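Thanks, everyone. Please have a look at the structure first.

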Amino acid sequence: MNVNDEDPLVPRDGDICATSASELSALLRAGALSSVQIVTAHLDRIQAVNSRVNALVTIDEGGGLGRAEELGGMARAGRFAGPRHGLPLAVKDTCPTVGLRTTYCARLFADHVPRNDAVHVSRLRSAGAIVIGKTNAAEFAYGAQTTNPVFGTCRNPYDLRKTVSGSSGGAAAALAAGLAVLADGSDLGGSIRAPAGFTGVVGMRPTSRIVPLEGSGMPFDGLNVPGPMTRTVKDARLMLQIMAGASPGDPLSQGVSLGGGDAVPEDLAGLRFAWCMTPSGTPIHPDVATALVPARGLLETCGGRVEEADPNIGEMTVAQQIFRDWSARLELGPFGTERRAEFGPELQRTLARADVLTLDKLAAAEQIRKGAWERIRDFFERYDVIVWPTNCQPAYEADADVAELGLDETPVLATPALGLPAVSIPFGTMPDGIPVGLQLIGRRYSDNRLLAVAQFLTHHAEKVLRRNPADGPRS
């Protein structure tokens with residue numbers, strides 16, 4: 001079914017469950033709302049909507065309300081746990097949560113309950129966030145569809161027939177449907193950004209491992225990174241500040257300063273933008289291109305220098321596939337081939353490719369990465385931000401086998417193995433109402449600048465999209 005203005009799957013402005021984390025936090029601190037009211041509103045919405053969207057696969061109603069009551073008592077005494085005090089957080093089901101079932105969306109772990117939180121989850125809890133459930137994902141986070149043998153398929157709140165992509169699709173759908181106000185994702189090859197693009201939310205892949213990841217199959221590579229998913233750029237910035245920082249369990253993690261800078265920049269004067277709607281020749285659907293055209297005018301009228309330019313790193317999609325398959329082999333190899341019958345078809349295909357990887361293929365992938373890194377390093381001497389689509393094709397069917405779709409995912413696959421930060425922001429819609437994502441990419445450690453540009457664009461976009469203000473993202 002296609003969602004229309006009367007359909008309740010996407011909450012409307014003014015609803016608690018459509019309100020940003022920053023706005024809810026301000027209301028909570030002013031005493032206009034309590035943490036119990038906020039959590040209850042989200043749990044009620046989960047009860048009403050989740051069975052249709054299938055975004056949350058484990059719901060911790062008792063734990064969520066218990067923590068909300070505890071934080072409510074603190075607030076009444078004038079004390080707050082941190083900057084995300086009392087706000088509902090949904091955690092990807094491939095990410096450990098202490099005492100709360102974490103299945104990795106795989107039959108092998110259907111009843112697994114971790115003894116520890118992931119580092120970034122622990123940090124978000126310490127900042128006052130309340131974990132209310134786990135989000136649906138691709139099996140072990142390897143997949144371009146959010147579907148798995150344990151929980152089935154997650155669906156797009158804007159049209160239940162359509163995909164939320166993968167693998168952090170449950171997080172994106174939960175935010176779009178108003179089931180949580182904060183969510184985490186992980187991005188090995190677009191798994192945060194592609195779902196964000198199809199659901200009209202903000203999703204950021206930070207510079208590799210400024211947010212630590214423990215237990216990775218490739219701990220010294222930095223290919224897979226956790227990142228924030230929110231409804232606004234400001235919320236993503238604040239969430240990233242909490243998640244980031246070195247951890248002894250991650251050999252690549254690093255302490256970088258991401259504090260401050262909440263204000264929207266006055267203009268984009270002096271910034272150099274590489275406008276590239278067809279990365280490395282990737283064809284873009286005409287409706288996606290039409291939706292994104294106003295972004296270029298906005299960049300130009302607000303002081304940015306915009307030029308058509310392509311970093312030409314499309315061959316990284318080949319290297320990315322090899323690195324992804326190798327990562328799966330290292331992570332899942334200990335289970336042995338005898339357990340593969342328990343895996344879903346996409347994961348089985350991934351491991352079958354990994355079985356025939358050779359040293360020559362791995363070496364060739366590293367040579368591709370070396371060449372692409374040298375080109376992107378030189379490219380960022382001339383430009384500050386690359387602007388291109390998040391998804392170059394419309395949202396496909398949620399029940400489709402991705403092996404039969406012929407997807408070209410160059411916009412999200414070209415940059416992860418180079419460690420670059422990238423953020424997807426909503427910018428307009430397709431004729432059928434499905435959101436369109438605009439992606440901003442920067443040099444390593446330019447996360448703050450990238451988020452500042454993203455916040456500027458979302459703040460001013462509604463003026464550009466006056467033909468249908470509902471199409472514009474919320475700032």
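**Cavities, cores and a covered helix**

Searching the whole structure turns up two cavities of 30 Å³ or more. A quick word on terms. On a 1 Å grid over the protein atoms alone, a cavity is a set of points where a 1.4 Å probe fits but cannot get out, and lining residues have an atom within 4 Å of a point. Points are joined across faces, edges and corners, and a volume is the space filled by probe spheres set on them.

This is a predicted model: local features need pLDDT of at least 70, side-chain atom pairs count only at pLDDT 80 or more, and totals for chains, interfaces and linings use all residues. Residues are numbered from 1 along each chain as its sequence is written, and side-chain values use heavy atoms, with hydrogens and water left out.

Largest cavity: about 50 Å³. Its lining includes Phe-198, Val-288, Met-430 and Ile-434. α6 (193–199) and β13 (435–442) each supply at least two lining residues. β13 gives the largest share, three residues. Helices (H or I, at least four residues) and strands (E, at least two) are DSSP runs, numbered from the N terminus. What classes make up this lining? Eight nonpolar, four polar and no charged residues. Here Ala, Val, Leu, Ile, Met, Phe, Trp, Tyr, Cys and Pro count as nonpolar, Asp, Glu, Lys and Arg as charged, and the others, Gly among them, as polar.

The second largest cavity has about 40 Å³. Among its lining residues are Asn-391, Gln-393, Asp-408 and Glu-409. That lining has two charged residues, with three nonpolar and three polar.

Now the cores. A nonpolar core joins buried Ala, Val, Leu, Ile, Met, Phe, Trp, Tyr and Cys residues through side-chain atoms within 4.5 Å. Buried means under 20% relative accessible area, exposed over 50%, partly exposed in between (1.4 Å probe, protein chains only). The largest core has 98 residues, and Phe-273, Leu-438 and Leu-440 touch the most other members. Helix α13 (residues 447–464) contributes the largest share, seven residues. A second, separate core holds 31 residues, including Val-39, Ala-172 and Leu-175.

Last, α5 (residues 169–176). How many of its residues are buried? Eight of eight. They pack against α2 (35–53), β1 (56–59), β3 (130–135), β6 (182–187), α6 and β8 (225–230). Just after α5, Gly-178 takes a positive phi of about 80°.

Methods
1 Å grid on protein atoms, 1.4 Å probe; cavity = no way out; pocket = protein on both sides within 12 Å on 5 of 7 lines; lining within 4 Å. Contact = heavy atoms within 4.5 Å.
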